[in-house]
Amino acid sequence: MSLQEKINYDKTFDCVQCGYCLPACPTYETMERETHSPRGRINLVKLVAENKASIEDLREPIEKCLGCMACTTVCPTNVQYGQILEGAKEVIEDQRSEAGERSRIEDFLFESFFPSGKWMHTLGNLTWFYQRSGLQAVANRLSLTQAAPLHLEKFERVIPAQPSPKMRAKRANHYQPEIPATATVAFFTGCVMDGMFFETNQHTIELLVRCGLEVILPEEQTCCGALHAHAGKIDDSRNLAKRNIEAFEESEAAYIINNAGGCGARLIEYHHLFEEGSDWYERAKRFVSKVKDISQILIEVEELEFTKPINRTVTYQPSCHMTNVQGVKTPPLELIKKIPGITLKELDRPDFCCGSAGIYNIINYEDSMEILDVKMKDVCGTDPESIITTNPGCLLQMKLGIEREGATDTMDAVHLVDLLLEAGPCVK
Amino acid sequence: MSDWMMELKSNIPEQRILTELADRYSYSFDASFGEHLPEVVVQAKSKEEVVQIVRIANRYKVPVYPRGQGTCLSGGPLPVHGGIVLDLSQWPEKIDLNVEDLTVNVSPSVLTANINKEAEKHGLMYAPDPSSAHVATIGGNLGENSGGPRGLKYGVTKDHVLGLELVTPEGEIIRTGGQTIKNVTGYDLTKLIVGSEGTLGVITEATLKLMPKPRAEQTVTISFDEVRTAGLAISQVLTSGILPSKMEIMDQACIRAVESFQPAGLPVDAEAIVIIELDGHSQTLEIETDLVREIMNEIGAKDILIPKTKEEANQIWQSRKQVSPAIAKIKPTKVSEDATVPRSKIPDMMDRLNEIREKYNVELVVFGHAGDGNLHPNILCDQRDKEEMRRVEQAVEAIFEAAIDLGGTLSGEHGIGTMKAPFMENELGAVGVEMMKRIKDSWDPNHIMNPGKIFAEKGQKLVLTDD
């Protein structure tokens with residue numbers, strides 16, 4: 001494949017440089033230059049294809065893009081920014097590996113951290129051990145974690161308490177509702193969700209079961225591959241997609257449910273990874289047609305009512321990938337509004353990314369914190385007791401934001417699913 | 001490093017002096033044609049910094065190109081002769097309302113829509129409403145004297161500027177006009193500067209006029225089987241004693257383009273639609289809406305649609321806003337014109353545009369602010385097709401010729417910039433252009449402020465391809 005093809009040169013012509021994306025772009029706002037705007041990045045991709053700029057010139061602007069896709073929602077010419085971004089990342093990654101450069105962080109993350117549920121479980125167990133054993137307290141006191149690379153200590157502080165390994169091991173692969181099942185759905189557990197927010201996953205299964213759905217957790221499922229694609233590792237991402245397609249085909253479920261905005265966004269774009277018309281493309285299309293966020297299915301089946309009032313003021317931070325890629329906007333809001341006693345105060349700029357963006361906040365920590373500070377200003381304006389969100393990355397980032405604001409005593413961040421379960425959902 | 005660059009670096013914080021190739025390329029374009037690489041991009045955040053930059057540039061005779069958000073459709077901010085792009089978009093936003101005076105003082109970086117948003121909190125409005133108001137800066141609007149749909153009733157940017165603060169090309173700060181509606185003290189430099197496309201200095205602050213916000217609005221969409229009838233209908237309404245706040249026209253190609261991008265329920269089988277917005281007191285609106293309906297029925301309109309809710313009306317106006325970018329789906333390269341004719345000549349202009357479309361075999365679509373004669377004929381083409389681009393160049397020339405023939409003008413609201421410069425003499429005559437040049441020479445003796453704009457260089461022709 002030529003460089004021009006790989007970098008989607010043709011697609012760059014869809015951009016008429018009208019600039020309508022500028023006010024929607026978080027990095028243009030915080031980094032204050034056109035180079036870090038969608039229009040600027042697309043232009044640079046075009047210039048690389050035309051040999052006027054080098055791949056090296058492109059690297060920083062592309063790596064500093066959150067990939068939140070807010071630009072695609074406001075773009076009047078429907079520029080395929082997601083594909084342009086991924087193409088650019090792949091070209092950058094190719095050059096990096098040709099030059100023999102390996103990034104230690106990414107090696108760790110991609111070769112041992114994300115690829116399999118097993119690893120994430122191990123991580124979950126380790127985190128649990130770390131917290132339970134008192135090691136965390138000791139480490140905090142001695143500032144041992146300060147020495148950790150990549151500001152990981154900041155993240156460790158906001159990782160929720162982990163269930164014991166026994167609890168994890170106890171989880172079944174198949175759940176039946178008490179009432180006769182109306183349909184069978186498969187649950188995509190996601191690796192970060194399962195590793196760090198195991199309980200939220202359990203709550204998700206519980207909600208589905210209470211709706212009268214039979215829930216299957218295909219054993220062979222793996223990482224969705226979103227983070228791999230974001231890092232330009234398209235081949236890896238494609239392999240993971242294949243494994244998931246196979247795993248879920250076997251389950252024969254009516255829907256494939258997930259509770260992570262970022263994973264869901266990847267899952268519904270699986271067909272982009274394969275050549276149109278190929279067998280894998282068709283299989284991917286079938287897979288994609290079944291993918292739904294938990295909030296969508298709860299609104300669709302309309303089986304639950306919430307019986308326990310929650311007298312709390314909350315705000316909602318939508319996941320960018322859920323809004324801009326999946327196009328799921330209203331179901332979470334509708335669900336929150338169904339809870340008796342709750343006061344929902346919406347953000348002034350809900351569509352402004354929180355800065356988590358996959359592992360952006362680990363790799364580009366400082367840039368991410370600048371974006372988070374903008375977000376937290378908006379959040380604090382609504383003076384909520386809880387920030388509700390629908391994606392593990394956003395959830396951790398919001399927890400981090402609350403820490404940064406010194407508001408841990410008055411504010412918490414909660415996954416929508418946990419909030420819903422707290423509200424006593426019962427079949428109507 | 002050149003001496004002027006060294007001086008810039010000792011006067012402006014380093015993180016706002018951009019010299020990397022990726023950064024420079026990111027300021028090499030706007031929403032029109034052409035790509036010109038500047039030597040440096042400097043981001044000014046105060047008038048003192050602008051003074052420093054302009055003085056250095058003037059001393060070393062380095063060109064300076066003021067720039068807002070780069071949404072210009074005529075090449076205003078393009079650094080055609082290299083030098084310094086002066087990015088004013090990062091200047092802290094200041095919107096100081098004086099509600100009792102019905103005025104507002106703004107910094108150049110303020111997004112135009114935000115001025116109106118602030119004004120509305122006090123029952124006021126800032127009338128000019130270019131389609132890009134939510135992206136474009138007021139500085140850019142002032143430089144280009146931008147219009148917008150509401151221009152029909154309320155006028156364009158220049159009609160709402162009471163005073164300016166300007167850094168002259170020699171680096172002096174002047175104030176023009178003031179805070180009052182009436183002001184005849186000396187030459188009206190305010191109006192000279194507005195629309196001078198950044199060739200006479202850098203605007204660092206503006207005092208704008210606000211108006212009471214109309215109590216209510218009523219949108220009416222009318223579809224036609226013939227474009228010419230739509231043109232006639234517009235004149236009919238305007239001579240019936242009604243002055244709508246907006247009167248927009250879209251031809252079929254535009255309707256289809258926006259409908260396929262973001263369906264708003266526009267009639268895709270109509271040859272043209274006219275969207276009217278009436279504003280004022282709700283009782284007046286009822287009477288005027290009936291009158292419009294009568295006129296349209298009489299003239300043989302195909303259909304009249306009156307949105308029932310505010311949301312429906314907003315959706316129609318939202319789709320009108322999307323036309324300009326959405327038509328680019330037809331073909332990737334968009335040559336956007338804004339030739340304007342006396343309003344009675346709209347039907348004739350429509351005929352001429354039809355002839356041009358056929359003669360040069362180009363994808364020509366038309367939309368625009370028909371109520372004030374300001375049409376936007378757009379040609380959709382592909383920059384990579386050299387033969388097609390030659391035909392487009394000829395068609396554009398023919399559009400200019402038609403507008404001037406009908407007693408109109410080259411540009412209603414986008415500005416002359418680079419593309420239309422070669423045609424200035426056709427409209428203004430040699431002496432007319434010469435008088436303008438003399439003004440420019442005395443304001444900017446070293447020709448550092450946005451060179452290459454408005455005035456054609458010797459032998460300059462309309463060229464739409466890169467080589």
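Me: What relative accessible area does K331(B) have?
Reply: The relative accessible area of K331(B) is 27%, so this residue counts as partly exposed, where buried means under 20%, exposed over 50% and partly exposed in between, with a 1.4 Å probe and protein chains only. This is a predicted model, in which local features need pLDDT of at least 70 and side-chain atom pairs count only at pLDDT 80 or more, whereas totals for chains, interfaces and linings use all residues. Residues are numbered from 1 along each chain as its sequence is written, chains are lettered from A and ligands numbered from 1 in the order in which they are written, and side-chain values use heavy atoms, with hydrogens and water left out.

Me: Which side chain meets K331(B) in a salt bridge?
Reply: That is E388(B), at 2.7 Å from N to O, a salt bridge being a side-chain nitrogen of Lys or Arg within 4 Å of a carboxyl oxygen of Asp or Glu. The pair links distant parts of the chain, 57 residues apart, with E388(B) in helix 13 of chain B and K331(B) in the loop between helix 11 and strand 16 of chain B; helices (H or I, at least four residues) and strands (E, at least two) are DSSP runs, numbered from the N terminus.

Me: And E388(B), buried or exposed?
Reply: E388(B) counts as buried, because its relative accessibility is 5%.

Me: How many salt bridges over all chains?
Reply: A search of the whole structure gives 49. One of them joins E7(B) to R59(B), with the closest N and O atoms 2.9 Å apart, and this pair links helix 1 to helix 3 of chain B across 52 residues.

Me: Changing topic, in what order do the four strands of the open sheet in chain B run?
Reply: The order is 1-2-4-3, with mixed pairing, and two strands pair if DSSP finds at least two bridges between them. Strands 1 and 3 of chain B stand at the edges with a single partner strand each, so one side of each has no neighbour in the sheet.

Me: Which residue stands opposite V41(B)?
Reply: V41(B) stands opposite V85(B) in strand 4 of chain B, and V85(B) is also the bridge partner of Y65(B).

Me: Back to helix 1 of chain B, which residues are buried there?
Reply: They are W4(B), M5(B) and L8(B).
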